Amino acid sequence: MTGFLLRRIALMIPTLLGVAVLIFLMLRVLPGDIVEAKLRGDGAAVSAELIATERARLGLDRSLPIQFVEWVSRAARGDLGVSMWTGQPVTSEIGLRIGLSLQVAVMAALIATLIALPLGTLSAIYPGTPLDYVIRLVAASGMAVPSFWFGMMLILMLLYLFNWAPPITYTPFWQDPLANLNQLIWPALAVGYRYAAVAARMVRSSLLEVLQEDYIRTARAKGTPERDLIWRHAIRNGLLPTITIVGLEFAFLVGGLVVTEQVFNLNGIGKLLVQSVAHYDYVMIQGIVMVLALVFVLTNLVLDILYVWLDPRIEWSR
Amino acid sequence: MRGLTAAAAIVLALFSQSATAQEPVRGGTLRQAVLAEPYTLDCHAATTVYVTSALAPHYSTLVRYDPQNYPKVIGDLAENWTVSEDGLTYTFKLVPGVKFHDGSPLTARDVAVSLERIRKPPKGIVSARGPLFQRIASIEAVDDLTVVLRLSQPEVALLELLANPLNCVYSAAKLETDPHFPEKQVLGSGPFKFKERVSGSTWEGERYADFHRKGQPYLDGFKLFFMSGPAILNALQSDQVDTEFRSLTPQQRDRLVAARKDTVSVQSGTMTTMIKIAFNTQRKPFDDVRVRRALNLAIDRTGGSEVISRVTFMGGVGALQRPGYDLAETPAELAKLPGYGGDIEARRAEARRLLKEAGVPNLSFAFGNRNVGEPYVTIGTWVIDQWRRIGVNARQDMLENPVWVASRANGQFDVLMDAIAEATDEPTVIFSKYQSRDKTPFNTAKYEDREIDALYEKQRAELDPAKRKEILAQISRRVLDQAYYAPLFWANRIIVSNAKLKNWKLAPSQFLNLDLADIWLDK
C-alpha cells in the first residue's frame with residue numbers, strides 16, 4: 001500500500017506542474033492589464049511613468065521564463081505570492097475562504113449521497129414501476145434545474161413564507177454550529193439536489209448492470225435472501241462508478257460554486273476566483289487554480305484508495 | 001376663539017412632532033450593503049464609490065459638501081476661511097483640538113502635507129485628483145491652526161475641488177516615515193475608528209468619542225457587507241442590512257416596498273453618473289465627423305428614456321451636465337443640441353444622408369461594451385437597435401472589466417461604451433474629461449481640440465454664473481457638433497433604506513454623505 005501511495009503522490013507532481021505551466025501561459029496571452037485596471041480603472045489620472053513603476057514593482061517587466069520560475073519555486077515552498085490587487089498574501093486570502101467552500105462541498109456530497117443511494121437503489125430494484133418513473137422524474141428535474149436558480153427559488157420561498165433569508169456572514173462551525181448550519185444548509189441543499197440527481201442516475205444504471213451479472217443470478221439461485229443479495233453483493237460492486245462521480249463532483253464544487261456563492265453571499269473560493277479574474281489578478285488566479293488542482297488530485301487519490309477497498313480484484317500494486 | 005385654539009393645537013402638534021423627528025437618537029450600528037471591496041486604502045489614489053464607502057467614515061477633509069444642502073460647501077476641519085480680493089489666496093482657520101484616532105494632534109501641517117501629496121505626489125504615489133490642483137501654486141501651514149493656499153490663477157471651483165470626500169487628511173508625521181502608509185493603515189480623524197476587515201465579507205468601524213464635531217457621530221458604529229446582485233436585495237428585504245447607498249433599479253424598489261411597506265423609506269433623484277458612447281477619432285471611418293454625427297443623430301434619447309428608466313437606474317436625458325444642475329442646459333436649450341431635439345425620423349433621415357455622403361451607407365463595426373449586465377449591456381443592446389434603424393450594423397463585443405479599461409486608455413476600439421461617475425457636478429471636474437488627449441487621460445475618443453481646451457480654462461476663472469454657463473454651453477455644443485461622444489443617459493438614483501435610518505439626505509452623487517456622522521437610527 002505504501003508503494004501505491006508513493007507512486008500516486010509522485011504522479012501528482014507532473015500533473016500539478018502541467019497545470020502551473022498552462023495557467024501561467026494562458027493568463028499571459030489574454031488581453032488586459034492589471035496595472036491599467038487598478039490604477040486607471042475608475043478614472044484616476046495616472047502617468048505612463050507611474051504605470052511602468054507599478055509594473056516593475058509587481059515584476060511584470062521581467063521575462064516570462066523568469067516570472068514563471070520564481071513563481072513555481074515559491075509555490076513549491078508553499079508561498080503562492082501576494083495578490084496584485086489587494087497586496088494580501090494569496091495563501092491567507094484562500095485560507096480565509098477554503099473552509100467555507102470545503103464545508104459546502106462536504107455537506108452537498110452528504111446530502112447527495114443520502115438522497116441518491118436509496119433512490120437509485122429503489123429505482124434499480126423496481127425498474128419500470130411507477131416508483132421508478134417518479135424517481136427518474138425527480139432525478140431528471142435535478143439535472144435540468146441549475147443550482148443557482150434553485151438557490152434563488154429557495155431564498156425567495158423563505159422570504160415569501162417567513163420574511164427571512166439565510167445569514168449573510170459566515171460563522172465557523174466550531175464557533176456556533178447552529179449559526180453555521182443556518183447559513184450553509186441552504187446552498188448545500190441547492191447544490192446537493194443536482195448532485196443527488198446525477199448520483200442517483202449513476203447508482204440506478206450501475207446497479208441495473210450489476211443485477212444482471214452471473215454471480216448475482218448464482219447467489220439468487222442458491223437462495224440468498226433478496227436483502228442480502230442487494231446489500232452484500234450488488235451495491236458494493238455497483239458503487240464504483242457512483243463513487244467516481246461523487247468524488248469528481250465534490251472536487252468541482254470546492255471552486256465551482258461561482259454563481260451559487262453570489263446568490264447566497266458566501267465568501268468562498270468561487271467568488272474569489274471570479275473577482276480575481278475581473279481584476280486580472282494573475283497571482284491570485286494562479287494560486288487558486290493550483291489549490292483547486294491539488295484538491296482534484298487529492299480527491300482522485302482518495303478515490304483510488306476507495307476503489308481498492310471496495311473491489312478486492314483491484315490490487316495495491318496497480 | 002375655538003378655531004384659534006384648534007389651529008394653535010395643530011401647529012403645536014406639528015411642531016412637537018417635528019421636534020421629535022429631528023431629535024437625534026444615539027446608539028446602534030448601521031448595516032450597509034456595498035457592491036465591492038475597496039481595492040486601495042489610500043484615499044488619494046482612489047476614484048471609486050466603494051473605496052469612499054469604506055474610508056469616508058474614518059477620515060476628515062478640509063471642507064465638505066453640506067449633507068443637507070448640496071452643493072453648498074461647509075467646513076470640516078476648517079472652522080472658517082477667507083478669500084483675498086484677487087481670488088488668489090485662501091486662508092483656512094482650523095477647528096482647534098482635533099486629534100487623529102491614535103490620539104496625536106491634527107494641525108495645519110497635516111492638512112498642508114496631505115493636500116501637497118495630492119497636488120504633487122512623491123515618486124511612486126498615485127494621486128487621482130492631482131491635475132485638478134494645478135492652479136494651486138503653494139500650500140503653507142502658517143501656524144498650527146492656519147493653512148494658506150495660494151493660486152497661480154483664479155479657480156472658481158477651488159472649494160468644490162477640495163470638498164471631494166477622498167481628499168483625506170493624513171498624519172504628516174506618518175507620511176514622513178513612510179509615504180505609502182495610507183495604503184497599509186487606516187488612521188484618520190473622522191467620526192469612526194477602523195475596527196475590523198474580513199476580506200471579501202465585511203468592514204467595521206466604531207464611534208470615535210473625540211470626534212471634532214461635538215455630539216457626533218450618533219451611531220455606535222457601522223458595518224459594511226460586501227455583496228452583489230440578488231444578495232443585496234434579499235438582504236434588504238430580510239432586514240439584514242439597513243441600506244445600499246449606490247442605487248437600486250425601479251423593479252427592485254417596487255419589490256422592496258411591496259414586501260416591507262412602511263418599514264422602508266425611498267429617496268430618488270438624478271445622479272452625477274452618465275453613460276456615453278465614445279467614437280475613436282483616430283480610426284476610420286470614425287475620423288470622419290459625418291459618420292460620428294450620423295450615429296449620434298440616430299439615437300432617440302427621449303423615447304429611450306421611458307424604456308430604459310423602467311428597467312435600469314439610468315434614464316435621465318441630458319448632455320454633458322446632469323439634468324437639473326444649475327449650470328446645465330434647460331430642456332429648451334437641450335432641444336437645440338444635435339441629437340436632442342426635433343423629429344426623430346427627420347434626424348434619422350439626415351443620419352442616413354450623412355453616412356451615404358461619407359461613403360459608408362451600410363456601416364458595420366464592432367461596438368465594445370463593458371460586460372456588466374445592468375446597465376451597460378441593457379443600454380448597449382438598446383443603442384444597437386437605434387443604429388439598426390439607419391442601416392448600421394453594430395456587433396456588441398462584451399469586454400471584461402480589465403479589457404474595457406485597457407481599451408479606454410489605449411484607444412484599442414472603434415466605438416466603445418464609456419462612463420462618468422463623479423463626486424460633484426462642478427464643471428471644472430466634469431468638463432476636465434473633455435479636454436484634448438494630451439491634457440487628460442480620460443479623453444476616450446482620443447481627439448485634440450484646442451477650442452475646447454481654451455473654453456475649459458476660461459470657465460475655471462469665470463466668477464459670473466451666467467457667463468460661466470454660456471462658456472459651458474459652448475463646450476457642450478462643440479463636443480456634440482463634432483460628435484466626439486454621444487451622451488446616452490444620466491443615472492436616476494434610487495435609495496431604499498430602513499425607515500429607522502434618519503437624517504440621511506440623498507445627494508446627486510453616490511460619493512457624498514457617506515461619512516455617516518450626522519445620521520442616526522430610530523429605536
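## Getting started

A residue counts as buried when its relative accessible area is under 20%, as exposed when it is over 50%, and as partly exposed in between, using a 1.4 Å probe and protein chains only. By that rule, 45% of the 318 residues of chain A are buried, and in chain B the buried share is 58% of 523 residues.

This is a predicted model, in which local features need pLDDT of at least 70 and side-chain atom pairs count only at pLDDT 80 or more, while totals for chains, interfaces and linings use all residues. Residues are numbered from 1 along each chain as its sequence is written, chains are lettered from A and ligands numbered from 1 in the order in which they are written, and side-chain values use heavy atoms, with hydrogens and water left out.

## Chain A: helices and no strands

Helices (H or I, at least four residues) and strands (E, at least two) are taken here as DSSP runs, numbered from the N terminus. Chain A has 13 helices and zero strands. Its C-alpha atoms fill a box of roughly 85 × 55 × 35 Å along the principal axes.

A contact means heavy atoms within 4.5 Å. Of the contacts in chain A between residues at least 6 apart in sequence, 72% join residues at least 24 apart. Accessible areas come from the Shrake-Rupley method with a 1.4 Å probe, and for residues only the protein chains shown count as cover. Chain A exposes about 15700 Å², with carbon and sulfur atoms supplying 69% of that area.

## What the record says about chain A

UniProt positions are given in the numbering used here, with feature names shortened, and annotations may be inferred rather than shown by experiment. An unreviewed UniProt entry places "domain: ABC transmembrane type-1" at residues 98-307 of chain A. Over that range the chain is 84% helix and 0% strand, and the end C-alpha atoms are 27 Å apart.

The feature "transmembrane region" also comes from UniProt (unreviewed entry), at residues 9-30, 104-125, 137-164, 239-264 and 284-310 of chain A. Residues 9-30 of chain A are 95% helix and 0% strand, with end C-alpha atoms 32 Å apart. Residues 104-125 of chain A are 100% helix and 0% strand, and there the end C-alpha atoms are 31 Å apart.

## Chain B: helices and strands together

Chain B contains 17 helices and 18 strands. Its C-alpha trace spans about 70 × 60 × 55 Å along the principal axes. The radius of gyration is taken over C-alpha atoms, and the globule rule is 2.2 Å times the number of residues to the power 0.38. For 523 residues, a compact globule would have a radius near 24 Å, and chain B agrees with its 24 Å.

In chain B, residues 24 or more positions apart account for 70% of the contacts with a separation of 6 or more. The accessible surface of chain B comes to about 20100 Å², and 52% of this belongs to carbon and sulfur atoms. UniProt (unreviewed entry) lists residues 72-436 of chain B for "domain: Solute-binding protein family". Over those residues the chain is 31% helix and 24% strand, and the end C-alpha atoms are 30 Å apart.

## The six-stranded sheet

Strands of a sheet pair through backbone hydrogen bonds, either parallel or antiparallel. Two strands pair here if DSSP finds at least two bridges between them. In chain B, six strands form an open sheet in the order 12-16-11-15-13-14, with mixed pairing. Strand 12 (314-316) and strand 14 (393-399) of chain B stand at the edges with a single partner strand each, so one side of each has no neighbour in the sheet.

Within this sheet, strand 11 (residues 264-279) and strand 15 (residues 415-421) of chain B pair in the antiparallel sense over seven bridges. Thr273(B) stands opposite Ala421(B) in strand 15 of chain B.

## The four-stranded sheet

Another open sheet of chain B has four strands in the order 1-10-9-8, and its pairing is mixed. Strand 1 (29-34) and strand 8 of chain B stand at the edges, each with a single partner strand, so each has one side without a neighbour in the sheet.

Strand 8 (residues 192-198) and strand 9 (residues 202-207) of chain B pair in the antiparallel sense over six bridges. Phe192(B) stands opposite Arg207(B), and Glu196(B) stands opposite Glu204(B). The hairpin of these strands has three residues between the strands, and Gly200(B) takes a positive phi near 80° there.
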